[in-house]
Structures are given as C-alpha cells and as structure tokens.
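Please read this report alongside the sequence and the coordinates. It moves from the whole chain to selected residues.

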Amino acid sequence: MKTFREDFLWGGATAANQFEGAWDADGKGPSVSDMCTSGSYTNPKRITPVFEEGVLYPSHEAIDFYHHYEEDIALFAEMGFKTFRLSIAWTRIFPTGTETEPNEAGLAFYDRVFDACRKRNIEPLVTISHYEMPYGLVEKYNGWADRACIDAYVRYCETIFARYQDKVKYWLTFNEINMGTLPMGSVLSLGTVKGYSGPLMGAPDNPQERFQALHHQFVASAKAVRLAHEKYPQFKMGNMSLFATMYPYTCNPDDVVETQRQMQMTNWFCSDIQVRGAYPYYAQRYFEENGIEVRMEPGDEAILREGTVDFYTFSYYMSNCVAKNPAAEETSGNGLGGLKNPYLEASDWGWQIDPKGLRYTLNEIYARYGIPVMVVENGLGARDEKAEDGSVNDDYRIEYLKKHIEQMREAAADGVDLMGYTPWGCIDLVSASTGEMAKRYGFIYVDKYDDGTGTLERSRKKSFYWYQKVIRTNGADLENE
Ligand code: BG6
C-alpha cells in the first residue's frame, strides 16, 4: 500500500504580516493587515484608515521574525523541516505598490531569509500575496476593484522572480484566493475598502465589485504563472484555496443540491479557473441570479488559459453542514460558518474538527484535477498554558495533527499524489481572523501576549519533539509517548 512519498515536503507555514513585525523598518510601507487592530473571538478585529491613538495593531511587532529569523529557521531545521512556507511582504519590496523601482533593503532581507533556509536544506515555499496588499493601492485604486492592480502585482512578481530565481522554486500566487467569493474577503483579500473603518465582517458588501476584483486577481495570477513558465522553467507554480468542506445536513435531496451549489461557488470556483484555465459553467447562472457581470478585456480569456498552475494547494481546518432550510444550530469556521455537525467536536473558537474530512477532501480535489496536491495549512488554534518549569504540554494539538496526518496517509494510500504538509503557524503568531496571540498554533511557543507585552523568547512545546519524530520517520510513527 502506498504511503507518503520519499521526497514528501514536511514543514510549517506562516505569513509575513502575522509574524515578521518590523512593519515600517527599512523602507517598508503599510499593508491592509498593518491597518488592522487586535481583537478576540468576542471583540471583532477592525480595519482603520488611520492609526488610532492607544489602539494595538498586532502586526507592527507580531513575533518579530524580522530580527529572529536565524534563530527561528534553526529551530525549524532542528525539527527536520524539508520546506518552510512563508510569504513575502509586498510592501517591503514596493512600499505603496505604485513605485517603479523596488526597495533594495526589503529585497536584501529575503535574501538573508532564503539563504538561512538553503544553508539548512530547507526549501522555501513562497506565497506571493498573503493578506498583504499595499494599503497605498487601497487608497489609490480601492484595491483589486481597479485593473491597475494587475500591473502592480506583475511588476512585483517580475522583481522577486528575477531576484530569487536561484533560491526559490515553489510559489503560490494568492493565499486563499477564494476568500474573495465571501463578503469577508473584501478587506484582507481584495482590499476594496477605501476609507472603510470597522470590523472585517462589517464592510459594506458589493458582489459585483467583489467578483470584478476577483477577476483581476485571476488575470494577475495567470500572468504570473505564464511569466514563470516562460522565463523560469525550474519554477513550480501553485494556487492556494481555503477549503471549507461541506456536507448535506440531511439526505434530503434539497440539502444535497444546496450543498453542491455552495461547494461550487465557495470551494471550486477559483481553482476551476486557476487549474483548468476558464470560468466554470455553473458560474453563469450564479452571476445572473446575483446581478453580477464580470467585465473582461480582450485577451483575458487567453491569459487564463495559458496561466494554469502546476500544483494545487489548500488550507484545511474544519468542515460544516449545509441545509436548504436551516433549522439547525449554527457553527463558526474559517471565513464562513455553516451548520453544526452532531458527529464532530469543535475548537475553542468553534471550528469543527474533522480529520476524515481531510481524506475525503484530498480525494475530491485529486479526482477533479489530477495534479499534485499539497496541504499548506492545517492545525489547532488553542490556548496554551505554560507549566511552572516553562514546558507546554500540548497533547490536544498533537492529537489533532496526528489524526489529520493519519487521514493524509489514507489519502496517499487511496492514490492521491500528495506532495507535502505545512501545518499552520509552526511558530506562534498573530491570528488572522481575530488579531490575537492567544489563539496559538505553534510547535514553538513565543512569549508574546494580547496586550502587546512579552519577551519574544522562543521555547519548544511538547509537539515540537513529536513533530520532529514524525518527520524523521516520514510519518510512519505518529504515536505521542
Ligand atoms: C487561514 C489563513 O485562513 O487560516 C491564515 O491563510 C490564518 O492567515 C489561518 O492565520 C488560521 O486562521 P486564524 O484566524 O486562526 O489565524
């Protein structure tokens, strides 16, 4: 029976805005995430067009990877990482997004980071844009609503491809691009919030604008992929989707059809375009029913066709249920909620834990596209307590990851071509949805708290040693002893 391939890419995942800090160092400009306040499960994180006095903006210091990268990468190497997923902060390279010349100090920082990885045989996996659109583009263009962002993004790609061509092979064009199919996506993903001040969930929704902005991202992504394929044949280009697996709440055909409909527009729509190179048939009806008309320029369809990705990546944290006439209790989730599944338990943040759903999802994706697949985010956000001796016994995290890895192994045995696994927040970092530190995912504990205090000291959790063993045995030994 098949198991994980020999060259399986074990590692961990992060994003610049959630862990680098140094938000205005060495010429960096503000991104959408830098304009976001801290929050919590009950007190929503907000975006503000100007910084408010006395308010904490957690990305500004985060866990200060900018000044700790050597130490952090050494810890990843100690765990045995084969790959490390990180994003480049666009605003380190082009501070407002509109410059024609890049910022050398920003480029030099990632040279140092990639060199530190390579020295330890860690393959960087780079997300080009992970909720880090320059705020300058929001102010000038209302974000991706304007087609001008395509050129700004392509210029950024040309710069980083040329600079890092010998250091980076794996690239993802946009993090969770399908966030733009949801109203919440207008803040962090699409940046269509010029002048808006308020919670992420509360931004005025304009589906016409949202899908037009998404179209600009599809064209930008395809242009980046096409450029890479033409000029850098050694590159492997991937998409990145948020996968919110959905089950019909009952076997009532109404629920089944409704689930299929929601699966299409939430989970499949973006990757159908990025992998297959054209808008899918079902989008037409959705657009008609929702008054959406996507304006394309001549040549756009050819670009989409020519810019299809080499591998499929996704984040997987939870699943939910769907009913035509919801009469069941609602649940929370990554970017979107749904109905509670009576067979599943949930995290403290209400995300339903569903390891078998990962096997199911991997099979669905591979059956649909037939290209290599990678799980580039997965994990348990939890409140960790430090014991008197400084240790963190995070058995709950080990349990969560173990069950998911077991199901990935099943999927590999089913025949899915699974390339790798980078659990989210391999080192504690700022939460994207709530802006808090208290929601920790890491194998490495960082002494940093919601009020902004902390020494930033790093320490190994119990899961650190467990994951080290998992990698050493290529996933054969998952026991927690
Ligand atoms: C994904 C994002 O949606 O989920 C990450 O790509 C994010 O940026 C992760 O941090 C976990 O979500 P959260 O809200 O718990 O940080």
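## Overall form

The model is predicted, and its protein chain contains 14 helices and 19 strands. Along the principal axes, the C-alpha trace of the protein chain spans about 60 × 55 × 50 Å. The radius of gyration of the protein chain is 21 Å, which agrees with the value near 23 Å that a compact globule of 481 residues would have.

Of the 481 residues in the protein chain, 61% count as buried. Among the contacts in the protein chain with a separation of 6 or more, 74% are between residues 24 or more positions apart.

## Surface and charge

The protein chain exposes about 18100 Å², and 48% of this area is supplied by carbon and sulfur atoms. The side chains of the protein chain include 49 positive and 69 negative ones, and the centres of these two sets lie 3 Å apart.

## Aromatic pairs

The count of aromatic pairs comes to 52. One of them is formed by Phe-218 and Tyr-279, whose rings are edge-to-face, with 6.0 Å from centre to centre and 85 degrees between the planes. This pair links distant parts of the chain, since Phe-218 belongs to helix H8 (residues 207–231) while Tyr-279 lies in the loop between helix H9 (253–276) and helix H10 (281–289), 61 residues apart. Phe-218 has a relative accessible area of 2% and is therefore buried, the cut-off for this class being under 20%.

Phe-269 and Phe-287 form another aromatic pair, also edge-to-face, with a centre-to-centre distance of 6.1 Å and an angle of 85 degrees between the planes. This second pair likewise links distant parts of the chain, with Phe-269 in helix H9 and Phe-287 in helix H10, 18 residues apart. Both Phe-269 and Phe-287 are buried.

Asp-26 is placed in the loop between helix H1 (16–19) and strand S2 (46–47), and its relative accessible area of 45% makes Asp-26 partly exposed.

Asn-142 also has a positive phi in a residue other than glycine, with a value near 60 degrees. The loop that holds Asn-142 runs between helix H5 (135–141) and helix H6 (148–164). Is Asn-142 buried or exposed? Asn-142 counts as buried because its relative accessibility is 16%, where buried means under 20%.

## A loop residue and its distant contacts

Ser-197 is found in the loop between helix H7 (185–188) and strand S6 (198–199). With a relative accessible area of 41%, Ser-197 is partly exposed, a class that lies between the cut-offs of under 20% for buried and over 50% for exposed.

In sequence, Ser-197 and Arg-46 are 151 residues apart, whereas in space their C-alpha atoms are 7.1 Å apart. Which residues does Ser-197 contact when its neighbours within four places in sequence are left aside? With those neighbours excluded, Ser-197 is in contact with Ile-47, Thr-48, Pro-49 and Glu-52.

Conventions. Residues numbered from 1 in each chain as written. Predicted model: local features only at pLDDT ≥ 70, side-chain atom pairs only at ≥ 80, totals over all residues. Heavy atoms only, no water. Helix = DSSP H or I, 4+ residues; strand = E, 2+ residues; numbered from the N terminus. Rg over C-alpha atoms; globule rule 2.2 N^0.38 Å. Buried < 20%, exposed > 50% of the residue type's maximum accessible area, 1.4 Å probe, protein only. Contact = heavy atoms within 4.5 Å. Areas by Shrake-Rupley, 256 points an atom, 1.4 Å probe, with all protein chains shown as cover. Lys, Arg positive; Asp, Glu negative; His and termini not counted. Charge placed at Lys NZ, Arg CZ, Asp CG, Glu CD. Phe/Tyr/Trp six-rings, centres within 6.5 Å; stacked < 30°, edge-to-face > 60°.
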